[in-house]
Amino acid sequence: TGQNNNTIQNNNRQAMMKVLVAVISVAVCAGHGHQGYRDLTKTRPMRDGHTDGTITTAFVNYTLDDEIYEGYVAYPTMSSGDLSVIMVVHQWYGLGENEMFRAEEAAEKGYVGWAIDMYGFGRRASDNDEALSLLSEVFADNDLLVARFEAALDQLDSGGAIAEMASINASAITCNGYCFGGGVCLTYLTVVPAQLAGAAVFHTVYVNLTGFESPGTALQIHHAQFDSAGDDGLSTARAQLTDAGVPTWETVYYSNAYHGFSDILSDVFDDRVAAQSHASMFSFYTGVLSPAECQDAGEWFKTDDTSKNCDWVAEKTDTRCGAVGFPNGIRTPAFEACPVACDTCAAERMRRRL
């Protein structure tokens, strides 16, 4: 009888957890747009890296328990040294245009952008009800969440699909999460002593961070004034991170912005806030990643001469570190774009952090 009672209690707890997950998920993720609207017919803008061939992209299949998952990777076509990685975890509809856009953005910044799949091959939502069902399946089972995340993480290890494409700096892997994806990053860091160097979450699903198991992971939270989680969600997260003794974390607050502000498919996408939050994220990662992350920019070259790249600068640093190029139309001196060649890694990390 006692065993039966325990079974009933466990079943009740699991049922209550699923109800709680559903309530939280509807309250938070349905905040995409004033009425939860995402335009699934939109496609991501073509990035310069596609046009000039400076980034390489591919869909990547991987498996977990004989189930197929489909991710999307983007990385610099030409690079020297090991590359830092930004794992991009999708919002509640599943891997799509927004996540591929963010992976490509990371690649243009010199990272490997690895947009992972938390649902499975072909499992994508077409409306909020389907999204809620897919999301609830993951959040109701931490073991499942961890297994699916680590199946994607394994692709970065020696012999993994991504490691076969690009040289990976295993000490410089980070997790970017959007809405549901933010909750995935935070949950993983809370229940597993993760070796991730950093994480940045955008209009996230908040989870209980009291038992944060990854104090070595630096965390950045991007929160909108009208985020569905409310300011109470942000305040609670701050208190929990403080109580957990997490040494490096910060929150960034955006006025007059809504949940979904960085999602290019959302009707509340805010170009200014999206750009500002991601610029802040890249700066944050530059400041917290290990020195091995410092690398020369593969896309930089001196004005109007593609042969005069960072390798050219390294041949005569005393005069060439002051040369100027215009990657993505931005005036950039060689001592910033080629910190390895010019021996300015420490200064470059500090410059970006300020």
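1. The helix α3 passes helix α8 in a right-handed crossing, a crossing being right-handed if the near helix is turned clockwise from the far one by less than a right angle, and left-handed if anticlockwise. Helices here are DSSP runs (H or I, at least four residues), numbered from the N terminus. This is a predicted model, in which local features need pLDDT of at least 70 and side-chain atom pairs count only at pLDDT 80 or more, while totals for chains, interfaces and linings use all residues. Residues are numbered from 1 along each chain as its sequence is written, and side-chain values use heavy atoms, with hydrogens and water left out.

2. The axes of α3 (residues 97-108) and α8 (residues 271-288) come within 12 Å and cross at roughly 50°, where axes are lines fitted to C-alpha atoms over the stretch in contact and angles run from 0 to 180 degrees between N-to-C directions. The two helices are therefore oblique to each other (angles under 35 degrees count as roughly parallel, over 145 as roughly antiparallel, 65 to 115 as roughly perpendicular and the rest as oblique).

3. In this pairing, R102, E105 and A106 of α3 meet A274, H278 and F282 of α8, contact meaning heavy atoms within 4.5 Å. The residues of the contact divide into 3 nonpolar, 1 polar and 2 charged (Ala, Val, Leu, Ile, Met, Phe, Trp, Tyr, Cys and Pro count as nonpolar, Asp, Glu, Lys and Arg as charged, and the others, Gly among them, as polar).

4. Over its 12 residues, α3 reaches 17 Å from its first C-alpha to its last, close to the 16 Å expected at 1.5 Å a residue, the expected span being 1.5 Å times one less than the number of residues. Because 12 of the 12 residues of α3 are buried, this helix is largely enclosed by the rest of the structure (buried means under 20% relative accessible area, exposed over 50%, partly exposed in between, with a 1.4 Å probe and protein chains only). Just after α3, G110 takes a positive phi of about 95°.

5. Helix α6 (residues 180-191) has 12 residues and reaches 16 Å from its first C-alpha to its last, close to the 16 Å expected. With 11 of its 12 residues buried, α6 is likewise largely enclosed by the rest of the structure; among the buried residues are F180, C185 and Y188.

6. In helix α4 (residues 128-139) lies L134, which is buried, with a relative accessible area of 9%. Leaving aside neighbours within four places in sequence, L134 is in contact with Y119, R123, R124 and A125. The C-alpha atoms of L134 and R123, 11 residues apart along the chain, are separated by 8.1 Å.
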